[in-house]
Amino acid sequence: MSLVAPKSARRPLPGWVEIVILPLVNVALAFLVVGVIVHIIGVDSFQALKLLLVGALGSSEAIGYTLYYATNFIFTGLAVAIAFHAGLFNIGGEGQAYIGGLGCGLAVLAFDRYLPGPLLILLAVLAAAAFGAAWAAVPAWMQAWRGSHIVITTIMFNFVASALMVYLLSNVLRPQGSMSPQSRGFSEAASLPSMQAVLKSVGIAVAPSALNLAFALALLSAVAVWVFLWRTSWGYALRTMGHNAEAATYAGTNLRRMTMLAMCLSGALAAGVAVNELLGVHHRIVLDFPAGYGFAGIAVALMGRSHPFGIVLAALLFGALQQGGTELSFEIPAMTREMVVVIQGLVILFCGALAHLPRPWLQALVGRRS
Amino acid sequence: MEETLTFVTLTLAATLRVATPLVLCAMGGLFSEKSGIIDVGLEGKMLMAAFFAAATASLTGSIWAGVGAGIVAAEVMALLHGVACITYRGNQVVSGIALNILAAGLTVVLGTAWFARGGQTPPLGDSERLMPIFFPVARDNILVYAALLSVPFTWWAIARTRFGLRLRAVGEMPLAVDGAGVSVGWLRYRAVLLCGLFAGLAGAYLSMAQNAGFSRDMTAGQGFIALAAIIFGKWRPFPAFGACLIFGLLDAVAIRLQGVSVPGVGEVPVQLIQALPYLLTLFLLAGFIGNAVAPKAAGIPYEKEH
Amino acid sequence: MQSLTAGAAAIELRDIDKSFGAVHAVRGVSLAVARGSITGLVGENGAGKSTLMSILYGLYRADAGQILIEGQAVDMASPRDAIAHGIGMVHQHFMLVDTFTVLENLVLGAEGGPLLARGMAAARAELMRLGREYGLSVDPDARVADLSVGEQQRVEILKVLFRGARMLILDEPSAVLTPQETDRLFEILRALRERGVTVVLITHKLREVMAVADRVVVMRQGEVVAERRTVDTNTDELAELMVGRKVRLDLDKGPPLQGESMLTARGLSLVDRRGVRLLDSIDLDLRAGEIVGIAGVSGNGQTELLQVLAGIRAPTAGRLEVCGRAVDPDHPIDPAEMRELGLAHVPEDRLRQGLVAAFEASETSILGYQDQPPYCRNHLLDAPAVGRHCAELMRRFDVRPQAPGLRSSHFSGGNQQKLILAREMSRLPKVLLVGQPTRGVDIGAIEFIHRELVKSRDAGCAILIVSVELEEILSLADRVLVMSGGRIVGEVSADQADERTLGRMMADA
């Protein structure tokens, strides 16, 4: 599938309009519609915005939760983006994160009595990445060798992952005597240090929150993705394939192998959600922990223009919305935190599917000026 | 003997009941996909329709206002999809995903704001619901029959009418349609709107017939099962209908098999049966069982060359 | 002109003019076509014949000029208008729905009512009638995908006739046909003429025009340069009119070195999945220090030959040896390995293969060499080194603007081509394949590119050039091979080659 805009829609706009103004207008349109919806349900938009900002950024605890949510968005945003760059649409982030959690959890459950903390955590992170990658590798293989459409297969794999995890958690991993479908708790050694503890060790006092070292891993991943895409020959070949498969073939890139590589990396990144949620917060394998982050990654990637820097910014915004939205729903019962989901949907719609909507207006504007 | 017969009858009725929204959705999806517009947004259309149908039925007390509102809601979604994919030549999958997420959020947001029941609509009384017509045991409401009729109708419309011929052509080779002086865009809009109509009926069925009211995420992946059924039926109405029945049967059986040990196999995990529609579709897509070939132009925005 | 056309003109074009941006494709063409005749419209690639007919069919709008159909001035805003005026067009690429039956394709857009049954029955009867009348028999219930190319073309003609066309334009109809199918087509065209249908045949195959047309119109560089009755002319004269007498670019080049053989092909064949033979037993030798030119009308296997030689497609039969490495169907090779052997390739279509439009020029400057030092070590790209490399290429090949950070799509065609050539030549390859070295490139750049190629040859590089520009081949090549129908149909040394000989070899396939 071509993710690149059709030719006629790409009548040239000046570079800065293309890169800065058009995406901003798209995001603005999405939030304009959000404002209309907020108005429809009878809430004062400005009051809501104020509460939301305070809820997201008003205290060190609030900021901590904002960054904790942002961690998940960074991982899935990067996962979607790296596949985008290869011209692939990975909608399977949800399932890859879920199965990544299985790998992560199994590694901990198998070794948490024998290995010291750092080694255990390293192993768990690698296992998460490996399982996430493996879950993405199957649709990748189906696309590369059997020509099955990766969009459809990754959707199906989400459901299969979900069914598999429900089965494993309620029949296999559930400890004897427990009624809830989840694994036994991890040992203390498998806990990712909370950011509060880390900062305390260097003398900075912040309120406790769910924020943990996975945030640092997410930022590191963003840098690593940037280096990979723009500073390695593999990333170069991957982007070439995404923009122009024929040119990639001409350049000697094996498209099948590159498809596998791109999807495996994408799946491994999505599994970062498992690291943040399971090692950082839940300390056991729980049901449904990906909670829509896999899909939200599409919004993050589109809004961040598939660039790691933009993705981190977009993830911070979505993290703030998530946290602020939660607080907001306490203050105004009519506003549920699902408002965040609405925003995600609108951002995907306006930054993705309707990305060319403002183009004629901008062309007219720019044209009149020059 | 009589017991077996009752069991079979009840299972069949249950299958049909579960399959009804799948069938409606699949027939709607067929129109869209046949015209070359991929629709991964069936789920969202159905969910939105379910919400507005239940909300309207509850507020007005009118069944038909409810069904109508469901259709309108799904059509608005369909129109958005059409504007994004046909007029603005956006990515069809991105648009479908966006609409799914939008529906998942908006139904809860509006539901909470309007009814303050955690995203649910007030329970519908019998006078506000679609009730059985002939056999109360089978719960055969009008939309069950609509679903059954939708299959021959879809077949007939696609195979036997001018519209259907052009629809099939536009999904395979829009250039040929354009070359014949027929508007590609208008054809696709009509297909997308038909899809909205059927998805709207499916949504109304969920909240007004199968259940008595809307609850959050009540579609629970059925839109995607319908999509799987389309693929499984290789984009043909009757085979897709068959796939819906099989998937419906699996679902009906799954409920009955919970905790039951099958002789020689042991206990079959319910989750396996639930995942079976997806697994079967994946095997089909991988080319292990036959070959599913999508309409050739599906997913590609049409552009005139000059 | 009127003297040549007996009776009233079925089609008359007056002073048609059309430009695409800076390209003046059709320059004030006037033309009249008599009813019930077959007219051949011949010319080289880019002579403007397809554009002219597209204007007549309403696909393009002329910038100036008038179209008269049977004496009436008409406005051709879209193909629908053309169809309404009785004009039908059979395109080179068929507009058929593969999964449909012949009958379904026939009625698409002319179904005769909202329900198919009646219209289909009527169409079936009409199809039978047309089949009998014109010898156009095709099974109405056969799926188009199962038909041969010749049969598909007949369906296209039937489609046009079914819509009541009295004037028929065929664009390169024989390009995709076997000689037998071509003969069949000509019988059909003659049958159409017998019944008063006017036929315009766009082609560059002179022998075919001589065989079937009553009259020939020759176009060159957007203008009609001659009109002849076929009985008054011959292929030699037409070939000369078609290519014109162009001044050869005076390249000051000495005799070739012709050192050791760098690339050898024996019996190289390529058959695609549908069983079409794209390359047919190609024998080829390329020596160090010589330029071999491949001439031919485009679409006769040159593209596929380049792809096989560059390692992009594997041959289905035969053998290839490049710089000592043997390649055959059991020992395939990929483009990366070819590059390591010292083979460089400037692709025919620079936008589709040679560069990535969205990439910065500096990124484009290492396409295919992204794994090579000095730009890359241990898979890590050295961005400053890439930038320096690109700046160096730009300086040496005078690419403008000299901005390695600019997106590749923002450069003009000529500058893109220079950048790609620079990239491929800077690694001092042993073998250099160049497809259409100067397509869409301005005169100044053409001269520069030609000189660089000769310089490279003199340094010992073995160069293969594929070009549809005869002039270019003649001025560059030391030996010329002519390709037609996937085969090499002749070889001429440079001192014996001229446009007429080559044109005839190309056209007489």
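1. Pro374(C) sits in the loop that runs between helix H12 (361-364) and strand S17 (376-377) of chain C. Keep in mind as you look around that this is a predicted model. The peptide bond leading from Pro373(C) to Pro374(C) is cis, and its omega is near 5 degrees.

2. There is another cis bond to visit in chain C. Here the bond joins Arg400(C) and Pro401(C), with omega about -5 degrees. To find Pro401(C), look in the loop between helix H13 (383-396) and helix H14 (413-426) of chain C. As background, most peptide bonds are trans.

3. Next, please turn to the sheet in chain C. Four strands make up an open sheet, in the order S12-S11-S14-S15 (chain C), and their pairing is antiparallel. Strand S12 (277-287) and strand S15 (325-327) of chain C are the edge strands, each pairing on one side only. On average, neighbouring strands of this sheet are turned by 15 degrees against each other, direction ignored.

4. Which residue of S12(C) is the bridge partner of Leu263(C)? That partner is Leu286(C).

5. Cys323(C) lies in the loop between strand S14 (317-322) and S15 of chain C. Although Cys323(C) is not a glycine, its phi is positive, at about 45 degrees.

6. Asp288(A), not a glycine either, has a positive phi of about 55 degrees. Its place is in the loop between helix H12 (272-282) and helix H13 (293-303) of chain A. Asp288(A) is partly exposed, having 13 other C-beta atoms within 10 Å. For context, most residues other than glycine have a negative phi.

7. Now for a helix pair in chain B. Helix H1 (residues 2-34) of chain B packs against helix H5 (residues 142-160) of chain B at an angle of about 25 degrees, and their axes are 9 Å apart. H1(B) and H5(B) are therefore roughly parallel to each other, since angles under 35 degrees are counted that way. The crossing in which H1(B) passes H5(B) is left-handed.

8. In the contact of H1(B) with H5(B), ten residues are nonpolar, three are polar and two are charged.

9. Last comes the place where two chains meet. How many residues does each of chains A and B give to their contact? Chain B gives 40 residues and chain A gives 46. On the chain B side, helix H4 (92-115), helix H9 (222-232) and helix H11 (270-285) are the elements that give two or more residues. H4(B) supplies the largest share of that side, 15 residues. By class, the chain B side has 27 nonpolar, eleven polar and two charged residues.

Notes:
Residues are numbered from 1 along each chain as its sequence is written. Chains are lettered from A and ligands numbered from 1 in the order in which they are written. This is a predicted model: local features need pLDDT of at least 70, side-chain atom pairs count only at pLDDT 80 or more; totals for chains, interfaces and linings use all residues. Two residues are in contact if their C-beta atoms, placed from the backbone, lie within 7 Å. Ala, Val, Leu, Ile, Met, Phe, Trp, Tyr, Cys and Pro count as nonpolar, Asp, Glu, Lys and Arg as charged, and the others, Gly among them, as polar. Two strands pair if DSSP finds at least two bridges between them. Axes are lines fitted to C-alpha atoms, for helices over the stretch in contact, and angles run from 0 to 180 degrees between N-to-C directions. Angles under 35 degrees count as roughly parallel, over 145 as roughly antiparallel, 65 to 115 as roughly perpendicular and the rest as oblique. A crossing is left-handed if the near helix is turned anticlockwise from the far one by less than a right angle, and right-handed if clockwise. A residue is buried if 20 or more other C-beta atoms lie within 10 Å of its own, exposed if 12 or fewer, and partly exposed in between; C-beta atoms are placed from the backbone.
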